[in-house]
Amino acid sequence: MLLATVAFSIDSMLPALPQISAELSPGRVNRAQLVIGSFVLGMGLGSFVAGPLSDSFGRKPVIVGGAVLYTIGAVLASAAGSLEMLLAARVLQGLGVAGPRIVSIAMVRDLYSGRQMARVVSFAMTIFVLVPAAAPALGSLIITHFGWRGLFLSFVIFAVVSAVWLGLRQPETLPPKARRAFRFGALWAAMREVLSNRIVVTCTAVMTLGLGTLFATLSSIQQIFSETFGRGQGFPFWFAGIALLSGLASVVNARLVVRLGMRLMITSALGAQVLVSAAVAAMTFFNLWPEALYFPGYFLWTTGVFFMAGLTFGNLNALALEPMGHIAGMAASVTAAISTVLAVVIAAPLGLAFDGTPLPLMIGTALLAAAGWGLMKSMPRRSSS
């Protein structure tokens with residue numbers, strides 16, 4: 001649930017973008033995409049401090065504190081009278097959600113390492129997938145009865161339930177004797193250690209490229225379904241199908257990663273994405289799609305983008321944190337913060353390049369996946385990866 005807070009906060013908003021645009025940004029439809037980007041930006045900025053705070057004060061207090069900040073942002077967003085106010089509140093929400101997002105991964109690293117950590121994260125991602133599968137449909141239902149502002153009350157309920165459940169059921173995983181002083185010198189030393197490790201830096205760069213693809217896809221997917229294919233009304237159900245099918249990637253990864261290793265899983269997924277995205281981009285550019293296959297082809301390609309995420313992100317996190325167990329919070333923060341903030345820089349122009357077709361997104365995905373594949377091939381090997 002902690003990891004799924006992010007997906008719920010993004011995916012349930014997708015059906016609301018047309019209404020938000022009509023009410024707060026009439027005449028500039030693409031600006032509504034910034035409702036997604038602003039949340040992600042806040043999440044990236046909050047990630048810089050969530051991990052170090054948890055290394056100093058414990059995992060559970062930082063998660064609960066982040067949930068409180070997230071709920072405050074949700075309340076402010078529900079009352080926003082302009083797009084600018086809404087975007088500011090979404091940034092605040094993102095700052096808060098960084099606690100649950102980052103520290104939950106650090107908690108897993110406290111208890112597991114290497115391929116076993118990757119396996120546990122894969123199982124967590126399997127549960128995580130159920131939320132984006134249902135989120136757009138649930139968001140549409142809430143919007144129908146309470147308007148798009150009612151979505152933010154559901155965010156409050158979701159955060160309260162997960163925080164209370166954590167408080168009641170999850171023991172603290174970082175004992176006081178293992179905590180680090182919250183001093184600038186100690187934090188700077190830990191950050192330098194993280195950024196001096198070539199494996200960590202490479203994994204962070206690959207995550208940046210992958211998240212850029214994912215965020216760009218999420219930002220423009222509702223417009224593509226509605227404007228390109230005229231299927232906006234059924235979008236929540238199509239999106240649920242994409243999420244459920246791509247969720248199988250976590251199951252596949254959990255079964256294979258212990259045997260094959262994280263590195264092979266990542267490079268194979270990226271390589272496949274390069275070939276598939278280049279092929280569908282060429283077919284779209286040269287108008288080679290038979291009319292009856294254009295939408296099915298786009299649907300399967302989009303599912304492949306999310307499937308790639310299930311085969312890469314958990315493995316990249318595990319690979320990056322493997323040598324950083326003694327400063328797992330800082331390592332989780334640095335890798336997530338840098339990759340998330342830079343991914344927004346990539347995703348925003350790619351999403352705004354929407355021209356009525358998915359072609360810009362397809363080309364961008366092929367190029368980003370190719371760059372990620374090249375980085376993985378150049379990364380030093382470790383015996384456990």
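I started with Phe 286, which sits in the loop between α11 (262-285) and α12 (291-321); helices here are DSSP runs of H or I, at least four residues, numbered from the N terminus. This is a predicted model, in which local features need pLDDT of at least 70, side-chain atom pairs count only at pLDDT 80 or more, and totals for chains, interfaces and linings use all residues. Residues are numbered from 1 along each chain as its sequence is written, and side-chain values use heavy atoms, without hydrogens and water.

Is Phe 286 buried or exposed? I noted it as exposed because its relative accessibility is 55% (exposed means over 50%, with a 1.4 Å probe and protein chains only).

Next, the largest pocket: I have its volume as about 620 Å³. A pocket is an open set of points on a 1 Å grid over the protein atoms alone, where a 1.4 Å probe fits, with protein on both sides within 12 Å along at least five of seven lines; lining residues have an atom within 4 Å of a point. The volume is the space filled by probe spheres set on the points, which are joined across faces, edges and corners. Of its 23 lining residues, Met 1, Leu 2, Ser 104, Leu 166 and Gln 170 are the closest to the centre. I see α6 giving the largest share of this lining, 6 residues.

Last, the second largest pocket, at about 180 Å³. I found 13 residues lining it, with Leu 34, Gly 37, Ser 38, Val 344 and Ala 348 nearest its centre. Here α3 gives the most, 6 residues.

Note on methods: Helices (H or I, at least four residues) and strands (E, at least two) are DSSP runs, numbered from the N terminus. Buried means under 20% relative accessible area, exposed over 50%, partly exposed in between (1.4 Å probe, protein chains only).
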